[in-house]
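This report sets out the architecture of one chain and the face that this chain presents to its partner.

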Amino acid sequence: MKYLDEFRNHDLAQKLLAEIRRTVTRPWVIMEVCGGQTHSIVKYGLDDLLPPEIELAHGPGCPVCVTALESIDRAHALARRQDAIFCSFGDMLRVPGSDGDLFQIKALGGDVRVVYSPLDCLKVARANPAKSVVFFAIGFETTAPANAMSVWQARAEGLANYSVLVSHVTVPPAMTAILESPGNRVRAFLGAGHVCAVMGWEEYEPLAARYGVPIVVTGFEPVDLLEGILMAVRQLESGRHEVENQYARAVVREGNPEARRMIAQVFEPCDRAWRGIGMIPGSGYRLREEFAAFDAERVFDLDGIVSHEPEACISGLVLQGARRPLDCPAFGTSCTPETPLGATMVSAEGACAAYYNYGRRR
Amino acid sequence: MCLAIPGKVAELYKAGSVSMARVDFGGIAREACMVYLPEARVGEYVLVHAGFAITKMDEEEARRTLADLQALDEISAET
């Protein structure tokens, strides 16, 4: 396919690898923020092809993985309601909550539906006026415009039976949290290309300056990732720390102004708890007050849900790049994609699932 | 989750008041909401995520990136 095949070209990848080898003189830890990038890196084995000086740390950019257990449990409580239709992106269905997952709830008779686009939820709401239709609005900035539009459109149509359970997360505060954490080893970032397609990269410039880290907005194909790594290594080796854009075919500095405007109209920043990491100040979106009628947390009584996390899971450390999947005693034994203990084993973009699915076993 | 696929805009239309498109992904056609890319035209390539076109693919930039990479070892050989 156009714009994909050219960026999977073997010869270009080899040229980039040779140039990276020529450029690097000492050890560097580079974090790819986005789970989609982690998936590509492990799928194509890029980390094994890099010179030993370069270590790729896998970042927290998998919304399925970082959605707080409390939010998952709230989603499950809504999905169990007889008067509700619960809509979700497909990858959330197998994420374990304190008591099972959405597949199990569906098997027990809950009306759980997988949607491709948030606008599909509005079709469900129009077709089922006697039911409450709730959408699990998760994701990073990439997904926020789509989710915001569903709320905007529901209000425009006066759809009173539609609401969203919002668990949005944003990238720059998470990068700040990683850089501020004691023992941080990350010296450069590959920025999440599709997040930046929406948001642009202005908000990364203060981060690069303040912490002295190169940030390279990077795409998702092997050639993109290797070029992003080369650009980061060139900066590191020459002592620069700028925001650069590898993914120029899809990202411009200001992002998508129409999409940013819609995000700002529907959502406002809030503190957000990340599964396995904890509270990160200012790292989430919630609905603005004027959309309270579409906020599932206000429409339904969701208080009094008690959450408990499996103790064996180290996904929080994996998400911060502090530990690797193979460091976990449960990896591949009691924890597999069929019976995941934590979210990093559920989502195809979680580091644990990527390692498992592409044969990185002990 | 932030997966977005490049596809070619095959047809633009309205669903009520909302701008939509039929987008061709290497032979598979899907509907995409175009409200965030009002300037996109039939024949152009867009990145689609969760049913929404979020950015146009810049053909010139793609070509420049590939040309720069093709030239990589020639540049290194000279230096």
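The text below takes the fold of chain B and then its contacts with chain A.

The model is predicted, so that local features need pLDDT of at least 70 and side-chain atom pairs count only at pLDDT 80 or more, while totals for chains, interfaces and linings use all residues. Residues are numbered from 1 along each chain as its sequence is written, and chains are lettered from A and ligands numbered from 1 in the order in which they are written.

Chain B holds 2 helices and 5 strands, where helices (H or I, at least four residues) and strands (E, at least two) are DSSP runs numbered from the N terminus; along the sequence their order is β-β-β-β-β-α-α. With a radius of gyration of 16 Å, well over the 12 Å given by the globule rule for 79 residues, chain B is more spread out than a compact globule; the radius is taken over C-alpha atoms, and the rule is 2.2 Å times the number of residues to the power 0.38. The C-alpha trace of chain B spans about 60 × 25 × 20 Å along its principal axes.

Between the two chains, 29 residues of chain B are in contact with 43 residues of chain A, a contact being a pair whose C-beta atoms, placed from the backbone, lie within 7 Å. Each element tabulated here supplies at least two residues of the side of chain B that touches chain A, and α1(B) gives the largest share, 5 residues.

| Element of chain B | Residues |
|---|---|
| β4 | 45-49 |
| β5 | 52-56 |
| α1 | 59-70 |
| α2 | 72-78 |
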